[in-house]
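Could you have a look at this one with me? My notes are below, point by point.

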Amino acid sequence: GPQSVDREVDSVCPFCGVGCLVTFQVRDEKIISVKGREGPANEGRLCVKGRFGMDYIHSPDRITRPLIRKAGVAKDVALLEGHTDWRDVFREATWEEALDLATLPLNRLRQLHGPKSLAGFGSAKGSNEEAYLFQKLVRTGFGSNNVDHCTRLCHASSVAALLEGVGSGAVSNPVRDVAHADLIIVIGSNPTANHPVAASWMKNAARRGTRIVLMDPRITDIGRHAWRTLQFKADTDVALLNAMLHVIVTENLCDETFLRERADHVAELKAHVRDYTPEAMSVVCGIPADTIREVARAYATAKAAMILWGMGVSQHVHGTDNVRCLIALASITGQIGRPGTGLHPLRGQNNVQGASDAGLIPMMYPNYQRVSDKSAQDWFEKFWDTKLDDQPGYTVVEIMHKALAPESDPHKVRGMYILGENPAMSDPDLHHARHALASLQHLVVQDIFLTETAWLADVVLPASAWPEKTGTVSNTDRTVQMGRQAVLPPGDAKPDLWIIQQIAQRMGLNWHYVGAHEGVAQVYEEMRQAMALTMGGIDWARLNAGSVTYPCVSADDPGQPIVFHDHFPTQDGRVRLVPASLIAAAEQTDADYPLVLITGRQLEHWHTGSMTRRATVLDALEPAATACMHGAEMGRLGLQPGQRIRVASRRGHVELALRQDNGTPLGAVFIPFAYVEAAANELTHAALDPFGKIPEFKYCAVRVESA
Ligand code: SF4
């Protein structure tokens with residue numbers, strides 16, 4: 001029956017980038033249920049994660065005291081797969097001792113080996129204020145730009161292409177604009193699993209007549225609502241998209257007025273796509289030429305058409321090229337700058353947009369001001385009253401390489417501070433990544449659970465879960481929203497803003513943010529000054545009253561959900577078109593490893609599983625690791641649904657249960673990366689896109705056999 005509650009607290013869902021607003025219902029200092037709240041992205045809707053996934057915060061696995069690695073206990077990566085008792089590895093400590101033991105070795109390494117011997121990973125799971133302070137700590141305290149976060153594994157290539165092309169890495173139109181589109185292209189995305197409430201708006205639009213074109217090697221639920229489904233061969237995005245551009249150019253379907261007034265390098269692009277005929281590209285991508293023509297015409301001639309994409313586009317060595325093609329498609333047809341048009345890279349984490357905006361990336365200060373730009377450096381040196389390094393820092397995967405660099409490398413990374421990220425599960429080629437983490441002379445991990453990464457730490461600092469603190473997050477639509485503390489952290493666990501400031505003070509920074517919730521409003525207001533050009537009009541009081549979408553530059557600016565109406569935020573105000581050629585995946589299948597591995601996510605589990613596998617309902621729904629294969633492929637290999645299989649690549653192997661899924665293409669196997677007992681990233685390849693430095697999680701060669 002209905003349960004009485006002690007209080008209700010308004011906040012934001014901690015899982016995906018859709019940014020649904022929630023109300024936590026609290027009784028006896030526990031969140032007992034979650035209600036959907038009226039918000040611009042969700043209007044009261046929630047998915048299964050938002051509604052039933054919150055009891056991870058009350059898990060008995062929460063770390064409640066600071067932990068110190070016991071003397072003489074080696075950092076053994078094999079421990080991650082076993083069932084070791086944490087007491088065999090760590091001892092409990094006071095905050096005073098733990099903070100000193102966390103920071104003194106960082107200071108010593110900096111003195112001995114220089115600022116570049118240290119690096120920090122922040123988190124897209126934290127607030128904007130935490131992201132801002134963390135990158136400020138690395139830049140001003142550690143003394144280098146070696147700071148990054150999981151955006152590197154997510155949309156780094158999308159952002160590289162968008163900054164180059166349209167001058168802004170964020171979306172042009174909100175998800176809910178699908179209601180104003182005649183046609184939407186959903187490419188490399190499984191929105192029903194990964195952005196469920198966004199998918200619900202797409203399905204609502206389809207029911208009212210919007211044509212959905214799904215382009216994906218793996219056909220998922222949204223395909224059941226699609227007007228056309230283009231199951232192209234994995235890794236051939238550019239072939240398909242260039243063929244569409246070819247059709248639009250050769251059939252004179254370009255918006256020539258738009259191109260004349262607003263685009264650069266048009267002639268080069270048009271000349272480049274001449275050779276990419278649908279007939280020639282059909283052989284490459286596996287889509288009939290007539291279908292390519294039909295879809296290209298429908299997109300170009302729609303009154304309003306929108307493109308939404310996910311990691312299927314971005315996680316390739318040609319991820320940046322894939323997005324260059326999408327930008328070209330929207331630009332040559334003038335499908336941008338109006339309601340129901342534009343480009344929407346669906347953000348994965350609840351705050352990956354905000355964390356990137358706040359400067360949690362190695363090549364840019366807050367608001368995407370390049371560290372290599374002298375005037376930006378001057379501004380921040382004055383603002384933070386310190387000297388700054390003008391060299392871009394290393395990215396996530398590069399930092400792992402630098403941890404294993406020889407002693408003689410002046411940029412060898414020896415000490416790290418990792419807040420709320422789990423690279424020992426999320427990085428490609430885990431064998432390598434885990435050894436890199438274990439080889440660090442000093443590793444400080446701040447998290448809510450003893451994650452796989454925390455097992456390799458010297459000092460573990462118990463942090464707060466999202467419902468235990470107050471701060472802001474920015475969703476995939478560029479909407480900034482406030483989350484509020486609903487319950488206290490367990491035991492001695494502390495708010496992350498407090499911990500970051502304690503570390504900063506011990507590294508010689510004179511930081512004293514004051515006010516409620518560790519000075520969160522003061523931190524926000526400082527960040528807002530550094531981001532005046534986009535968020536200048538959004539003060540703390542305004543966010544406390546409701547959600548605001550940036551750009552919003554003054555108090556009377558209502559915020560701008562749709563951008564690029566009459567200009568792009570590039571130097572000359574015009575979009576830059578960049579042609580892309582065919583580049584193959586870094587690792588190809590062969591006789592020994594004949595199948596393609598595609599990794600990804602599933603509805604019930606969030607990324608590395610540290611939260612959702614400890615949420616009772618979600619764990620009950622999907623309790624075990626599974627791999628998906630097409631029934632015909634299973635038949636060919638003599639495999640049965642439900643049986644155990646062994647999947648091996650050149651880098652490692654996993655064993656898990658087999659599930660039949662005829663949306664997975666022939667010649668491929670799909671594995672979600674949330675399961676430590678069958679960690680998909682043991683298999684993946686660490687090859688990087690040269691522009692975004694994103695790894696190729698969507699393609700490597702594997703062998704599948706009965707276990
Ligand atoms: Fe949370 Fe995303 Fe689900 Fe909304 S769609 S409830 S933000 S996980």
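**Notes on packing and the ligand site**

1. Helix 18 (residues 430-439) first: its buried residues pack against helix 16 (396-403), strand 16 (415-419), helix 17 (423-426) and strand 17 (442-447). Contact here means heavy atoms within 4.5 Å. The buried residues are Leu430, Ala433, Arg434, Ala436, Leu437 and Ala438, with buried meaning under 20% relative accessible area (1.4 Å probe, protein chains only).

2. A word on the ground rules. This is a predicted model, where local features need pLDDT of at least 70, side-chain atom pairs count only at pLDDT 80 or more, and totals for chains, interfaces and linings use all residues. Numbering runs from 1 along each chain as its sequence is written, and side-chain values use heavy atoms, with hydrogens and water left out.

3. Around it (a heavy atom within 4 Å) are Cys13, Phe15, Cys16, Gly19, Cys20, Leu46, Cys47, Lys49, Gly50, Pro196 and Val197. Helix 1 (48-52) and helix 6 (196-207) are the elements giving two or more residues to that shell. Helices are DSSP runs of H or I, at least four residues, and strands are E runs of at least two.

4. Helix 6 is mostly covered, with nine of its twelve residues buried. Pro196 and Val197 are among the buried ones, as is Trp201. The cover includes helix 1, strand 8 (183-187), helix 5 (191-194), strand 9 (211-215) and strand 12 (305-309).

5. After helix 6 comes Gly209, with a positive phi near 115°.

Technical notes
Buried means under 20% relative accessible area, exposed over 50%, partly exposed in between (1.4 Å probe, protein chains only).
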